[in-house]
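Work through each task with the coordinates open, then compare with the solution.

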Amino acid sequence: MSEVPWHLSCVRCGETYAGLELRYRCDCSGTLDVIHDLSQCELTREILDARLSSKDSLDRSGVWRFRELILPLGDEKLQEIAAARGEGSTNLYNASEIGREVGVEDLWLKHEGENPTGSFKDRGMTVGITVAKLLEMSAVACASTGNTSASMASYAAISGMDGLIFIPEGKIAFGKLSQALAYGAKTIQIEGDFDDAMALVQDVCDSEGIYLLNSINPFRIEGQKAIGMEIMQDLDWQVPDWIVLPGGNLGNNTAIAKGLLELHELGIIDQLPRIAVVQAAGANPLYTAWSEGTDIEPVKAETIATAIKIGNPVSWRKSMRGITALDGIVTEVTDDQIMDAKAIVDAAGIGAEPASCATVAGIRRLVQEGVIDPQQRVVGMLTGNLLKDPDIVVNYHMGELDGIESQRANAPISAPADIDEIRRIIRQ
Ligand code: F0G
């Protein structure tokens, strides 16, 4: 398996490496891209649409359906080796009611919380773990704010690999921690934050020969590209005006941009959407760098949206390149705005975890600022499932979150087991 039809290329200096070399960075320390030979790619809308009605597991996967642009190993090899468990093919909800609340008429929400482990990370993980198998690795590791680790633990388990997880102690949502433990990964809680955990895991992987599955791994990005591709297919290849998503370690917006640019180069879509990346105001190094036109300055991150509580994002250079290519923008929203947007998304019956709802809060801000026109078609990404972080939901509705105004609280009502009292409550 040494000869593969893609290669790796440094984002900073352009140096190239073989496609399956065990490395995450260039010798100059720049991060790496997977470069496909698009002139050899014969994918068309017709082929992709035909796969929607196929019974083949690769065709049915919302990631492997796009395999020629993700990991072009040929169908036979992929049938044998792909570590898949039905990721992708998530719903794209017509969310015009939520749209009315935030000021856009034509709002759609892509619910990546509907993936097997409840977040978009499964799309990158199915590819990352498949590459780990190709490289004959027996152990994989990641640092995480919770979703990457939940996903990695599951995909490692289905592939018979050891999973090693570094998480910031006490700072990840319980749903995510329970997944990591349940799927059997060795879980190390670091006395520190995500950025400390990220630094440690890179050292450990280098010294112990463990495969690193954070989004610095370029194959994670390849899998996550499929989100943007699937949105285009969901909309019957009619390109929306905007794609809006939250930004933490900045792998996902990097991936969406890369995938859409490739689809465009192949002529599968005839124009490009704009992209908006939304950060939490307490974890906003990209927003600051973007606004000031500088390199990233790490910050000490603090936000209620623990998934994006990241002060020193690894993929910022790639991320900025993609935002620029898609005529994009970066914005920030406060925790209060995130939780208000979350209450709207949840009460619409769709529901998502806090970081996901930065998307909707960001759309509202960008409409108010006149950046997004109320008539434009906007696709927002909900990145994680509501059940990932149940504590925050209950505390919000009980009005018990410090510094958050629970304006849309739906607190539970305590009642004695008495029918008259219950009737009184219902009729109130
Ligand atoms: N939304 C959710 C629910 C996430 O879990 C993450 C990242 C993001 C958004 C941000 O995506 O990092 O690609 O910019 N979670 C990572 C983790 C960091 O460890 O689970 P990003």
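**Exercise 1.** State how much space lies in the largest cavity and describe its lining.

Solution. The largest cavity holds about 310 Å³ of space. The model is a predicted one, in which local features need pLDDT of at least 70, side-chain atom pairs count only at pLDDT 80 or more, and totals for chains, interfaces and linings use all residues. Residues are numbered from 1 along each chain as its sequence is written, and side-chain values use heavy atoms, with hydrogens and water left out.

A cavity is a set of points, on a 1 Å grid over the protein atoms alone, where a 1.4 Å probe fits but cannot get out; lining residues have an atom within 4 Å of a point. Grid points are joined across faces, edges and corners, and a volume is the space filled by probe spheres set on the points.

Step 1: 26 residues line the largest cavity, and Phe 120, Lys 121, Asn 249, Ala 307 and Ile 308 lie nearest its centre.
Step 2: at least two lining residues come from each of α6 (147–158), α9 (218–234) and α10. Helices (H or I, at least four residues) and strands (E, at least two) are DSSP runs numbered from the N terminus.
Step 3: the lining of the largest cavity divides into 9 nonpolar, 14 polar and 3 charged residues. Here Ala, Val, Leu, Ile, Met, Phe, Trp, Tyr, Cys and Pro count as nonpolar, Asp, Glu, Lys and Arg as charged, and the others, Gly among them, as polar.

**Exercise 2.** How many cavities of 30 Å³ or more does a search of the whole structure find, and which residues line the second largest cavity?

Solution. Step 1: the search finds 2 cavities of that size.
Step 1: the second largest cavity has about 50 Å³ of space.
Step 2: its lining consists of Thr 145, Pro 168, Lys 171, Ile 172, Asp 193, Phe 194, Thr 306 and Lys 309. By class these are 3 nonpolar, 2 polar and 3 charged.

**Exercise 3.** Describe the largest pocket by volume and lining.

Solution. A pocket is an open set of grid points with protein on both sides within 12 Å along at least five of seven lines.
Step 1: the volume of the largest pocket is about 300 Å³.
Step 2: of its 17 lining residues, Arg 25, Pro 313, Val 314, Ser 315 and Trp 316 are nearest the centre.
Step 3: α8 (194–208) and α12 (316–325) each supply at least two residues, and α8 gives the most, with 4.
Step 4: the classes are 7 nonpolar, 6 polar and 4 charged.
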